[in-house]
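Keep the sequence and the model side by side as you read.

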Amino acid sequence: RSQIRALLRACSGNELNLMFPMVSEVDEVIRARELVDKEIRFLTRHNYTIPSSINIGVMLEVPALIWHIPALAPCVDFISVGSNDLLQFLFASDRASPRLTGRFDGLSPVFLKILRQVVVECQNHDVPLSLCGEMAGVPVEAMALIAIGFRSISMSASSIGPVKEMVLSLDASALEAEILPQLDQPVKSLRPVIEAFARSNNIPL
């Protein structure tokens, strides 16, 4: 509550985008929104200026939440996929362990298929969707995200140049037609397929 109150006060008179992490169930979002409403009432009662608008979102990083998107959609203003944690939880693999480094690839067709499901569900329920995580800042991974339908991704400042160069040379519809049929392939990674597409279409990686 103290963090929510601080955010509301810091955005006095301005737009506030408030995202809750590690959400597993829709009920958690409902209770979180109730806390926000409670703090708004508190600040209003004490004559503070509240934000001009408040958008409530969630970080999707717990796999269970994927199957709750239809019920989640009316409760949120946006969803952002946390790809690092989602990949780790999906494969029950500690990404901080050097022994498991490289054990699973973010371009696994299984992982991409799940991300594609998130894209479709958010489109069906008109929920703005973005993705943040290490894969968004690597051109070949960013290509895969575009292929499965992501149109908003965030990355560190140093990654913007290479990813932007890739995007400007990319035919997204051709890439989608190439990659989507591959999501059911029983392979460890679609990285070779995406890299081959980039080479044949002169896309810088």
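**From one side-chain pair to the whole fold**

Aspartate 27 and arginine 31 join their side chains in a salt bridge, at 2.8 Å from N to O. A salt bridge here is a side-chain nitrogen of Lys or Arg within 4 Å of a carboxyl oxygen of Asp or Glu. The two residues sit 4 residues apart in helix H2, so about one helical turn separates them. Aspartate 27 is partly exposed at 39% relative accessibility, and arginine 31 is partly exposed too, at 45%. For these labels, buried means under 20% relative accessible area, exposed means over 50%, and partly exposed lies in between (1.4 Å probe, protein chains only).

Before going further, a word on what you are looking at. This is a predicted model, in which local features need pLDDT of at least 70 and side-chain atom pairs count only at pLDDT 80 or more, while totals for chains, interfaces and linings use all residues. Residues are numbered from 1 along each chain as its sequence is written, and side-chain values use heavy atoms, with hydrogens and water left out. The pLDDT is the predictor's confidence in each residue, from 0 to 100. Its mean for the protein chain is 94, with 96% of the residues reaching 70 or more.

Now look for salt bridges elsewhere; a search of the whole structure finds 6. One of them pairs arginine 5 with glutamate 39, whose closest N and O atoms are 2.5 Å apart. This pair links distant parts of the chain, since arginine 5 belongs to helix H1 (residues 2-10) and glutamate 39 to helix H2 (residues 26-45), 34 residues apart. Arg1 joins Arg5 and Glu39 in a network of salt bridges.

Another salt bridge connects lysine 113 and aspartate 184, with 2.4 Å between the closest N and O atoms. Lysine 113 lies in helix H5 (residues 109-124) and aspartate 184 in the loop between helix H8 (172-179) and helix H9 (191-200), so the pair ties together parts that are 71 residues apart in sequence. Lysine 113 is partly exposed at 42% relative accessibility, and aspartate 184 is exposed at 57%.

Next, find serine 12 in the loop between H1 and strand E1 (15-20). Serine 12 is partly exposed at 32%. Leaving aside residues up to four places away in sequence, serine 12 touches Thr49, Ile50 and Pro51, where contact means heavy atoms within 4.5 Å.

The C-alpha trace spans about 65 × 35 × 35 Å along its principal axes. Of the 205 residues, 43% are buried. Among contacts between residues at least 6 apart in sequence, 67% join residues at least 24 apart.
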